[in-house]
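Work through the exercises below with the sequence and the structure open. Each task is followed by a solution in steps.

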Amino acid sequence: MTPPPGLPRRPPGGLYLGWQYVTVHPDPGPPPRRPVPPEREQVSAAWLAAQHREENAISRPLRLACGAAALAVLALVIATAGGWLSAIVAAPAVAACLVAGGLSGYAIWQGHRALGVRIAAERLRVERFRADQDSRLFAWQAEHARQVAEWQRRQFAYESQKRWYAVSLPGGIDRVDVAGGTLPGWSALLTMTAAHQLAAGGETTVLDLSGGAVAAELLAVARGCAIEPAVWVLPHDLPRLDLTAALNQDDLADVLALAVSVAEDRDSAAGLAVDGSILDRVMSVLDHDGGVSLARLAAALRSLAQVGDPRTDIAAGLLTEHEAGRVSTLFGQGATDRVVLERALGIEAQLRKLAAAGSDPVSLPRSRLRVVALDKRVGVLSAKILGSFVVTALTHVLAQAPSGRPWQHTLFLFGAERLRDDVLDRLTDACENARSGLVLGYRAVPPQVRKRIGRGNAAVAFMRLGNAEDAKAASEQIGTEHRFVLSQLTETVGMSVSDTTGASYTSTVGSSSSLAASSSDSESVSRGSGRARSAQSSFLPFAGASVSRSGETTASQGTSESASFTAGISANTSWGVSTSRTAGDSQSLAQSLQRSREFLVEAGALQQLPPTAMIVSYATSAGRQAILADANPAIGSLAAATMTPLAEAGRLRATVPAGETAQAGETAQAGDPLGEPGMPQPNLGPPSARLDWRKR
């Protein structure tokens with residue numbers, strides 16, 4: 001079988017469940033806008049007119065003075081020529097007028113020259129500004145060309161990138177549990193996974209117990225790829241299905257006993273052992289030369305239970321007289337034996353539905369695609385016994401098969417919720433020992449299924465789950481994650497106003513008195529005497545000397561006394577009133593975050609999944625992974641689809657040098673002037689609106 005269009009052939013060893021949509025390169029958006037050339041700077045005509053107007057206003061007095069001097073000179077010349085004015089008087093006046101006119105004309109010339117210098121300076125400034133504008137415009141255009149080239153590279157990477165990546169199972173996973181889904185969704189999943197397995201050279205066995213013809217699309221794809229599948233639709237093709245040929249007597253007894261117990265909803269180990277013992281004993285008396293067929297076994301059970309006439313089965317060739325005689329003597333007629341005979345009757349009632357199995361075997365060429373499906377018109381009891389029989393028989397066949405490569409052979413079982421727990425456990429163990437891949441599809445998630453979903457090395461694919469309880473259980477199975485959420489928001493607003501009023505009154509009365517008395521006595525006596533004499537002598541150094549004498553005595557005595565009395569009364573009174581007011585206003589806002597665990601996928605999202613969409617969940621060393629995938633097999637024909645998983649594609653991109661990454665974009669632009677050296681960079685991109693400075 002060749003792979004579908006656009007899908008490369010890959011060796012088996014994994015299972016592709018669907019496609020994961022990821023845009024690695026984001027949309028670069030619109031192209032960069034082309035830089036708008038600014039308006040060319042020019043010398044303002046209004047400025048020139050203002051300069052000339054100002055110059056004229058400044059030079060107007062000078063021009064008037066110059067004109068007046070010229071008129072005065074002319075008048076003086078005429079007056080001198082007419083004899084009205086003497087030349088001696090006119091000459092100085094003419095000279096003065098000429099000097100005044102010359103000075104005025106020189107000032108006017110200087111003004112015009114200064115105006116010309118200002119205009120030339122302005123024109124030079126404008127030229128320099130134009131040159132600066134041109135240089136900035138060239139820089140903008142060069143940057144714009146670089147941005148356009150970068151945008152073209154990103155646009156090429158965005159348009160040519162792969163968006164659909166295959167979702168494959170990591171190593172170590174040997175089972176996939178599909179929870180939920182619709183019949184179209186199952187059909188898409190089966191076609192997607194089995195087609196790639198067959199394209200890789202693997203083998204596929206499909207057991208469809210749903211009655212919805214899930215494998216119809218896969219059969220059409222296989223026939224279109226030159227693979228002739230082997231198909232059995234039960235119970236119509238039950239005579240062609242010979243599963244008992246590969247089983248010995250003990251295995252067949254175990255298979256039939258388990259199928260009967262499942263059909264009767266009996267899970268007792270003792271009852272299962274009794275049924276197996278009865279079947280084993282009955283088969284031991286039958287002739288094994290042509291193989292033990294279920295029709296002959298059912299006839300022997302009828303003979304044992306004494307139901308009907310044994311001669312009818314003997315005439316039909318189902319039993320011989322010798323076998324009928326031996327069967328009738330297996331058990332006696334006691335009370336205990338009667339219980340065994342009644343049990344044989346119950347087993348025969350269930351095996352009657354399987355009596356045609358293998359009665360008309362057809363030798364078919366070995367096919368790598370085998371499909372066993374139940375007809376939708378099969379009753380509930382018949383569907384239960386047929387499904388249990390096929391699954392149990394296949395379990396024994398797988399238990400005897402040698403171990404192969406992982407996922408070299410893949411078994412798909414849809415409608416697994418209709419089987420009993422021990423039947424599923426046996427099948428799971430047999431597939432694990434044979435290293436055969438197993439995909440179990442459950443339309444509903446009852447409690448017994450919830451205990452087994454994801455058990456062991458299994459991945460779980462959750463498809464649409466319409467039932468709310470099933471969706472809730474699936475959401476819990478996927479798991480939760482930590483998030484920080486706002487847990488509390490507190491806002492406090494407060495205001496306080498206080499008034500205080502106080503009054504005080506104080507009165508003070510006081511009196512004081514003082515008495516002081518003083519006395520003093522004084523007495524003084526003074527005496528004095530003196531003498532003076534004067535005489536003249538020639539011996540003395542002075543011309544003469546004089547001597548005089550005087551005497552005086554003075555006596556005084558005084559007495560003084562004083563007394564004072566002071567009395568005072570003082571009174572003081574004070575009063576007051578005080579008032580105070582205090583007002584306060586406060587406001588606070590506080591928020592707190594807390595760590596919470598939330599579901600990775602809500603139950604409502606599982607109830608609203610499209611028919612072919614699913615959430616693949618499996619455990620890794622980094623934690624549990626949840627991937628949203630689409631099992632639509634038609635996605636593989638898109639140019640944006642690749643069989644390379646996303647993680648592997650990321651590793652490949654990381655190992656490619658940056659220069660080689662843009663090589664494809666540069667090749668696509670071959671012949672573009674952007675890639676030719678020496679060519680000027682074009683002004684690419686759509687023009688933008690011209691900015692108006694008046695709108696600032």
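**Exercise 1: A residue and its surroundings**

Leucine 369 is part of strand β6, which spans residues 369–374. The model is a predicted one.

Task: Decide whether leucine 369 is buried or exposed, and find which residues it is in contact with beyond four places in sequence.

Solution. 
- Step 1. The relative accessible area of leucine 369 is 0%. Buried means under 20%, so leucine 369 is buried.
- Step 2. Beyond four places in sequence, leucine 369 is in contact with Leu198, Thr204, Val206, Leu218, Leu219, Ala222, Pro229 and Ala230.
- Step 3. For a C-alpha distance, take valine 231, which is 138 residues from leucine 369 along the chain. The two C-alpha atoms are 8.5 Å apart.
- Step 4. Follow one of the contacts, Thr204. Threonine 204 belongs to strand β4 (residues 203–208) and is buried, at a relative accessible area of 0%.
- Step 5. The contacts of threonine 204, again leaving out residues up to four places away, include Arg368, Leu369, Arg370, His409, Thr410 and Phe412.

**Exercise 2: Aromatic rings**

Task: State how many aromatic pairs the whole structure holds, and classify the pair formed by tyrosine 21 and tryptophan 164.

Solution. 
- Step 1. The search of the whole structure gives 4 aromatic pairs.
- Step 2. In the pair of tyrosine 21 and tryptophan 164, the ring centres are 5.0 Å apart and the planes stand at 65 degrees, so the pair is edge-to-face.
- Step 3. Tyrosine 21 is in strand β1 (residues 16–21) and tryptophan 164 in strand β2 (residues 164–168), so this pair ties together parts that are 143 residues apart in sequence.
- Step 4. Tyrosine 21 has 45% relative accessibility and is therefore partly exposed, whereas tryptophan 164, at 19%, counts as buried.
- Step 5. One aromatic cluster is made of Trp186, Phe412 and Phe414. The ring of tryptophan 186 also has the charged end of arginine 443 over it, 5.7 Å from the ring centre.
- Step 6. Arginine 163 lies over the face of tyrosine 158, at 4.7 Å from the ring centre.

**Exercise 3: Confidence**

Task: Find the average pLDDT of the chain, and say where pLDDT stays under 50.

Solution. 
- Step 1. The chain averages a pLDDT of 79, and 73% of the residues score at least 70.
- Step 2. Over residues 1–12 pLDDT stays under 50, and the model has 33 contacts beyond four places in sequence for them.
- Step 3. Over residues 658–696 pLDDT also stays under 50, with 37 such contacts in the model.

Technical notes: Residues are numbered from 1 along each chain as its sequence is written. This is a predicted model: local features need pLDDT of at least 70, side-chain atom pairs count only at pLDDT 80 or more; totals for chains, interfaces and linings use all residues. Side-chain values use heavy atoms; hydrogens and water are left out. pLDDT is the predictor's confidence in each residue, from 0 to 100. Contact means heavy atoms within 4.5 Å. Helices (H or I, at least four residues) and strands (E, at least two) are DSSP runs, numbered from the N terminus. Buried means under 20% relative accessible area, exposed over 50%, partly exposed in between (1.4 Å probe, protein chains only). Rings of Phe, Tyr and Trp (its six-membered ring) pair if their centres lie within 6.5 Å; planes under 30 degrees apart count as stacked, over 60 as edge-to-face and the rest as tilted. A charge sits over a ring if NZ of Lys or CZ of Arg is within 6 Å of the ring centre and within 35 degrees of the ring normal.
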